[in-house]
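Welcome! Let us look at this structure together, one feature at a time.

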Amino acid sequence: MNLTNELARQRNRDAADRTLMAWMRTCLSLISFGFGLDKIIAAIETSKGSSDSRLGVNIVSLAFVLTGFLAMSASLFQHNRELNRLCRANYVYTESPRYAAATATIIALIGLLAAFILISNWI
C-alpha cells in the first residue's frame, strides 16, 4: 500500500471520529434538553402548588431523550461500519444512510407534537 492511500485512509478515519464527536454533542444536547424540560416544569408546578397534568410535557421530554438515544445508537453503528470498511484493501466511498435527516425529521415531529399539545391545552 502506498503512502498516499494510507494518508487518505487516516484522513477518513479522523473525519469519521470528528463526525462521531459531533453526533455525541448533538445527542447529549437532545437528552439534556428533554431531561431538563421535564425537571424545570416539575419544579415550577411544585412551587406553584399546581396539580396540572404534566402528561404533555412528559411525552415531549421523553421524545427528546429517546431521539437522542436512538441517534447516538445509529451514529455509533455508522461509525463502526465506516471504520470496518476503511480497513479493507478495496475501500470505496459509498453513501451512508442519512441519520442527520432522520434525526431532523424526528425533531420536527416532536415539534408538531408539542404544538398539538399546546393547542389542545388552550381549547
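**Reading the model step by step**

Q: Where in the protein is confidence lowest, and where is it highest?

A: Confidence is lowest in α3, with a mean of 87, and highest in α2, with a mean of 91. These scores matter here because this is a predicted model. Across the protein the average pLDDT is 86, and 96% of the residues score at least 70.

Q: Thank you. Which residues make up the largest nonpolar core?

A: A nonpolar core is a set of buried residues joined through side-chain atoms. In this protein the largest one has 7 residues in all: Leu 20, Trp 23, Cys 27, Ala 71, Met 72, Ala 74 and Tyr 99. The elements that give two or more residues to this core are α1 (3–48) and α2. Apart from this core lies another, of 6 residues, including Leu 30, Val 60, Ala 63 and Ile 117.

Q: What does Met 72 touch, leaving out residues up to four places away in sequence?

A: With those residues set aside, Met 72 touches Leu 20, Trp 23, Met 24 and Cys 27.

Q: Now for Ser 75: is this residue buried or exposed?

A: The idea is to compare the relative accessible area with a cut-off: under 20% is called buried. Ser 75 counts as buried because its relative accessibility is 3%. You will find Ser 75 in helix α2. Not counting residues up to four places away in sequence, Ser 75 touches Leu 20 and Trp 23, and both of these belong to the largest nonpolar core.

Q: And Thr 67, buried or exposed?

A: Thr 67 has a relative accessible area of 5%, so this residue is buried. Helix α2 holds Thr 67 as well. Leaving aside neighbours within four places in sequence, Thr 67 is in contact with Leu 30, Thr 103, Ile 106, Ile 107 and Ile 110. Leu 30 is one of the residues in the core of 6 residues.

Q: Let us move to the surface. Which residues form a nonpolar patch there?

A: Leu 55, Ile 59, Leu 113 and Phe 116 form this patch, and together they have about 380 Å² of accessible area. Two or more residues of the nonpolar patch come from each of α2 (55–87) and α3 (99–122).

Q: Why is Ile 59 called partly exposed?

A: Partly exposed is the range between the buried cut-off of 20% and the exposed cut-off of 50%. Ile 59 falls there because its relative accessible area is 38%. Ile 59 lies in helix α2.

Notes: Residues are numbered from 1 along each chain as its sequence is written. This is a predicted model: local features need pLDDT of at least 70, side-chain atom pairs count only at pLDDT 80 or more; totals for chains, interfaces and linings use all residues. Side-chain values use heavy atoms; hydrogens and water are left out. Patches are made of residues with over 30% relative accessible area and no salt bridge: like charges are joined within 9 Å, nonpolar side chains (Val, Leu, Ile, Met, Phe, Trp, Tyr) within 5 Å. Accessible areas come from the Shrake-Rupley method with a 1.4 Å probe; for residues, only the protein chains shown count as cover. A salt bridge is a side-chain nitrogen of Lys or Arg within 4 Å of a carboxyl oxygen of Asp or Glu. Helices (H or I, at least four residues) and strands (E, at least two) are DSSP runs, numbered from the N terminus. Buried means under 20% relative accessible area, exposed over 50%, partly exposed in between (1.4 Å probe, protein chains only). Contact means heavy atoms within 4.5 Å. pLDDT is the predictor's confidence in each residue, from 0 to 100. A nonpolar core is a set of buried Ala, Val, Leu, Ile, Met, Phe, Trp, Tyr and Cys residues joined through side-chain atoms within 4.5 Å.
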